[in-house]
Amino acid sequence: MSATTPRPYILVGIDGSASALHALTWASAEAERRNLPLKLVHAIDYSSFGYGFNPAAAESFYVHLDSDGATFLDQAKDHVVALHPRLEVATTLVKAQPIPTLIDLSRNALLTVVGSTGLGRFTGMMAGSVSVTLTAKGHSPVVVIRESGTPADGPVIVGVSGSPSSEDAIAWGFEEASMRGAELVAVHVWNDVPPGYVYAYTAWSTMDWAASEQQQSEILAERLAGWQEKYPDVTVHRVVAMGNPADVLLRRAQHAQLIVVGSRGRGDVAGFFLGSTSHALIHQATCPVLIARPHASDTKR
């Protein structure tokens, strides 16, 4: 007897905050487009509240935490049903640390969606630590949702670099653009002069800028080869820019409905750190940011 593969879902962290509500709204629309169920999870870590309380008087406090968690999930489910009545929604209230919980549940998730702020209400952690850790250790791509308004008719931006995870970003970028009927802007940022280079002035003054730009344009074209044929409905604009990748992408994100990047850049230790560009985007971008995981395979999508 062969084992059955669980149906993928879109996972959303819920904590009762406005930021989580924005994440839920985005995730429910994504689930509707993909005909996938939503799994909403609220995690209560008792250990983070266990210091400074009189054990004899603390029971009512923990009952209150449980009640609040159930209320958050009920309200979240009602919100989804009001927006998408036919969408399948499951809720899960767990008494455990939130990050390990979300990481574990992300194993069968197509996407894990969290708010950019507010998730600290899970355990009192700094806002953003949940999304950073999920991106580094989770099993699915992570989408971080900003609270500011996002243009519904804006393009999808994909950051194209030389790292392996960039290929996953390209795949997700084309797919999201196709599903949304949006244009795709593929951005490749380069800088051949290392920061702090002693002879930077000499190097810059002797460079053949036209030849370098042409070379980078060819690299971008090679990275996109095959994808445009796979998604003929997607209009692609190629952008080659010199500078800091995070700065360039943050400027582009101001008018985008989604930005997609890989989880690591070429300067990062594989499998451990979140790339500096991805890190900057999830904290500063004005639109939702999808961080592609290296093994976001076609079998899940």
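Two strands pair if DSSP finds at least two bridges between them. Helices (H or I, at least four residues) and strands (E, at least two) are DSSP runs, numbered from the N terminus. The model on view is predicted, so local features need pLDDT of at least 70 and side-chain atom pairs count only at pLDDT 80 or more, while totals for chains, interfaces and linings use all residues. Residues are numbered from 1 along each chain as its sequence is written, and side-chain values use heavy atoms, with hydrogens and water left out.

**Stop 1**

Ten of them form an open sheet with mixed pairing, in the order 3-2-1-4-5-10-9-6-7-8. Strands of a sheet pair through backbone hydrogen bonds, either parallel or antiparallel. Next, select strand 3 (89-94) and strand 8 (236-242): each stands at an edge with a single partner strand, so one side of each has no neighbour in the sheet. On average, neighbouring strands are turned by 20 degrees against each other, direction ignored. (Axes are lines fitted to C-alpha atoms, for helices over the stretch in contact, and angles run from 0 to 180 degrees between N-to-C directions.)

Now select residues 9-13 and 38-43, which are strand 1 and strand 2; they pair in the parallel sense over four bridges. Within this pairing, Val12 has Leu40 of strand 2 as its bridge partner.

**Stop 1: helices on the sheet**

**Stop 2: salt bridges**

A salt bridge is a side-chain nitrogen of Lys or Arg within 4 Å of a carboxyl oxygen of Asp or Glu; by this rule there are ten. Select Arg180 and Glu30, whose side chains form one at 3.2 Å, N to O. This pair links helix 5 (residues 165-180) with helix 1 (residues 18-34), 150 residues apart.

Is Arg180 buried or exposed? Arg180 counts as buried, because its relative accessibility is 18% and buried means under 20% relative accessible area (exposed is over 50%, partly exposed in between; 1.4 Å probe, protein chains only). Glu30 is buried too, at 0%.

Finally, select Glu176, which forms a salt bridge with Arg180 at 2.9 Å between the closest N and O atoms. Shared partners join Glu30, Arg33, Arg34, Glu175, Glu176 and Arg180 into one network of salt bridges.
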